[in-house]
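Please have the sequence and the 3D view open as you read.

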Amino acid sequence: MTPPATARVLVTLDERLAQAAAEQQGALWRLAEPGRGLDANVVRLAPGNGVAEHSDDVLDVLLVVLDGHGRLSTPAGSEPLTPHSVVWLPRTSRRALTAGERGLVYLTAHRRRPGLSVAGVLSGRNGTPSGAWANGGGESGGEPPCALNQVCAECGHLAQENDARFCARCGRPLPD
């Protein structure tokens, strides 16, 4: 029989933000408890940096601005982001984030999605991708595409767009 889970304080964000170097970007904290059904991250973007336009076809995301300023851009327009702004990013919505002149620190939370593993991507013969993911449904048809430039080295998230430059989950630049 599994013992009941215990509620507890995991982190004090003021302390975590104070400990992080001022120039540190990307995920400053992430929920990593075993058996969780939720993912959460605290992300810092440097002034002028951002998360390129993208969408997530699977998950709704809640974003809460903790510090700094920025802008949320959607096909419907642009809205300011200020401390304590709460933003709903529904699945399939197109959006981009840009940090203001003081940078932007925000928390995201969403239902947990199983992480992408290299073993899951490199599942074919000789370590190459296979199946529907690799070439659109068939097993035939030339060399499969390499998607490693779409996998975030920080959190393992797979970008949905071939030309994405930043991770939609943690904000880190994607590999070249």
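In this predicted model, R44 has a relative accessible area of 12%, so R44 counts as buried, the cut-off being under 20%. You will find R44 in strand β2, which covers residues 38–45.

What does R44 touch? Leaving aside residues up to four places away in sequence, its contacts are L17, A20, A21, A22, Q24, Q25, G26, L28, L104 and V105. Two backbone oxygens can be picked out here: that of Q24 lies 3.1 Å from a polar atom of the R44 side chain, and that of A22 lies 3.4 Å from a polar atom of the R44 side chain. R44 and L107 are 63 residues apart along the chain, and their C-alpha atoms are separated by 9.1 Å.

Now for the cavities. How many reach 30 Å³ or more? The count comes to two, and their volumes are set out below.

| Cavity | Volume |
|---|---|
| Largest cavity | about 210 Å³ |
| Second largest cavity | about 70 Å³ |

The largest cavity is lined by 19 residues, and H54, V61, R95, A168 and R169 are the closest to its centre. Strands β3 (50–54), β4 (61–74) and β7 (95–111) each supply at least two residues of this lining, with β7 giving the largest share, five residues. By class, the lining of the largest cavity has nine nonpolar, six polar and four charged residues.

The second largest cavity has 13 lining residues, with H54, A159, E161, A164 and A168 nearest its centre. Seven residues of this lining are nonpolar, four are polar and two are charged.

Methods: Residues numbered from 1 in each chain as written. Predicted model: local features only at pLDDT ≥ 70, side-chain atom pairs only at ≥ 80, totals over all residues. Heavy atoms only, no water. 1 Å grid on protein atoms, 1.4 Å probe; cavity = no way out; pocket = protein on both sides within 12 Å on 5 of 7 lines; lining within 4 Å. Points joined across faces, edges and corners; volume = space filled by probe spheres on them. Helix = DSSP H or I, 4+ residues; strand = E, 2+ residues; numbered from the N terminus. Nonpolar A, V, L, I, M, F, W, Y, C, P; charged D, E, K, R; others polar. Buried < 20%, exposed > 50% of the residue type's maximum accessible area, 1.4 Å probe, protein only. Contact = heavy atoms within 4.5 Å. Polar contact = N/O pair within 3.5 Å; in protein donor to acceptor, adjacent residues only side chain to side chain.
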